Amino acid sequence: MRRSLGHRRARRHYPYVGPEEVRVPISSQVAGHPITSPADLTEWLARQDASDRREPFTFVIDQSTTLRLAPRRSEHVVCAGGAPVLSAGEITFEPDGTGWRVSEISNQSTGYCPEPHFYAAVQSALDAAALDHPGRFTVPFIFRRCESCSQFNVVKDDHYVCAICDEPLPTSWNADTPASPHPK
Ligand SMILES: [Zn+2]
């Protein structure tokens, strides 16, 4: 499917689709830290363990197109304060002069399952924060729910087949499909 990444319609608000036990009421917990400038990022990284600073952090792009960061292995839904997001995944930084730049970024979030070609919101947030970034997801993930057995799958090598039941997976995004209470 051809899409214009810079176009406004190349955006989507992703509701949380992960396990109920991880779901948090909106704003019930401190959400990820907003990053709107290189100084914000430098200050936030300085508060993380030194051994963690070059490792992937949890990020979301919130509905106001702001980058929010949370410590490693945080749940995306907590980072987002329970709200829908424009994107989510993992982000890695590397030193860049006196500051930091984005070296790797993925859409790996099983809580939101964002689509890999919707980078536009990430681009807007990182550009607004004046952070250098790769301009695409360097590690793209494709998530599909099996319509036969309800299993969440990560599609690899364009192989759209359920890992559990071998049924074909849909070619279009369906992560917000409710799990069937009575899978076949
Ligand atoms: Zn299946």
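# Close-up views of a predicted model

**View 1. Strands 4 and 5 form an antiparallel pair.** Strand 4 (residues 87–96) and strand 5 pair in the antiparallel sense over seven bridges. Helices (H or I, at least four residues) and strands (E, at least two) are DSSP runs, numbered from the N terminus. Two strands pair if DSSP finds at least two bridges between them. The model is predicted: local features need pLDDT of at least 70, side-chain atom pairs count only at pLDDT 80 or more, and totals for chains, interfaces and linings use all residues. Residues are numbered from 1 along each chain as its sequence is written, and side-chain values use heavy atoms, with hydrogens and water left out. Glutamate 94 stands opposite arginine 101 in strand 5. The two strands form a hairpin with two residues between them. Glycine 97, in the turn, has a positive phi of about 65°. Strand 5 (residues 99–106) is mostly covered, with seven of its eight residues buried. Buried means under 20% relative accessible area, exposed means over 50%, and partly exposed lies in between (1.4 Å probe, protein chains only).

**View 2. Strand 3 pairs with strand 1 and with strand 2**. Strand 1 and strand 3 run antiparallel and share three bridges. Here isoleucine 35 has leucine 67 of strand 3 as its bridge partner. Strand 2 and strand 3 are also antiparallel, joined by four bridges. Phenylalanine 59 stands opposite leucine 69 in strand 3. In a regular strand, side chains alternate between the two faces of the sheet.

**View 3. Threonine 65 sits in the loop between strand 2 and strand 3**. Strand 2 covers residues 57–61 and strand 3 covers 67–70. Their hairpin has five residues between the strands, and threonine 65 takes a positive phi near 60°. Beyond its neighbours within four places in sequence, threonine 65 is in contact with Arg11, Leu86, Ala121, Ser124 and Ala125. Contact means heavy atoms within 4.5 Å. The C-alpha atoms of threonine 65 and alanine 121 are separated by 6.2 Å, although the two residues are 56 apart along the chain.

**View 4. Helix 3 and what covers its buried residues**. Helix 3 spans residues 120–128. Its buried residues are Ala120, Ala121, Val122, Ala125 and Leu126. The elements covering them include strand 2, strand 3, strand 4 and strand 5. Alanine 130 follows helix 3 and has a positive phi, near 60°.

**View 5. Tyrosine 14 and tryptophan 173 form an aromatic pair**. Rings of Phe, Tyr and Trp (its six-membered ring) pair if their centres lie within 6.5 Å; planes under 30 degrees apart count as stacked, over 60 as edge-to-face and the rest as tilted. By this rule the count comes to six aromatic pairs. Why is the pair of tyrosine 14 and tryptophan 173 edge-to-face? Its ring centres are 5.3 Å apart and its planes are at 70°, so it is edge-to-face. Tyrosine 14 lies in the segment before strand 1 (33–35) and tryptophan 173 in the segment after strand 7 (152–155), so the pair ties together parts 159 residues apart in sequence. Tyrosine 14 is buried, at 0% relative accessible area. Tryptophan 173 counts as buried too, at 11%.

View 6. Tryptophan 44 belongs to helix 1 (residues 38–46) and phenylalanine 57 to strand 2, 13 residues apart. Tryptophan 44 is buried at 4% relative accessibility. Phenylalanine 57 is buried at 0%. Ring pairs link Trp44, Phe57 and Phe93 into a cluster.

**View 7. Four cysteines hold the zinc ion**. The protein donors are Cys146 (SG), Cys149 (SG), Cys162 (SG) and Cys165 (SG), lying 2.3 Å from the ion. Donors are N, O and S atoms within 2.8 Å of the metal (3.2 Å for Na, K and Ca); water is not among the atoms, so sites may look incomplete. The site is tetrahedral, with angles of 102 to 117° among its four donor atoms. Four donors count as tetrahedral if all angles lie between 85 and 135 degrees. Along the chain, the donors follow the spacing C-x2-C-x12-C-x2-C. Cysteine 146 is buried at 2% relative accessibility, whereas cysteine 165 is partly exposed at 27%.

Terms used. Four donors count as tetrahedral if all angles lie between 85 and 135 degrees; four count as square planar and six as octahedral if opposite donors are over 155 degrees apart and all others between 65 and 115; anything else is irregular.
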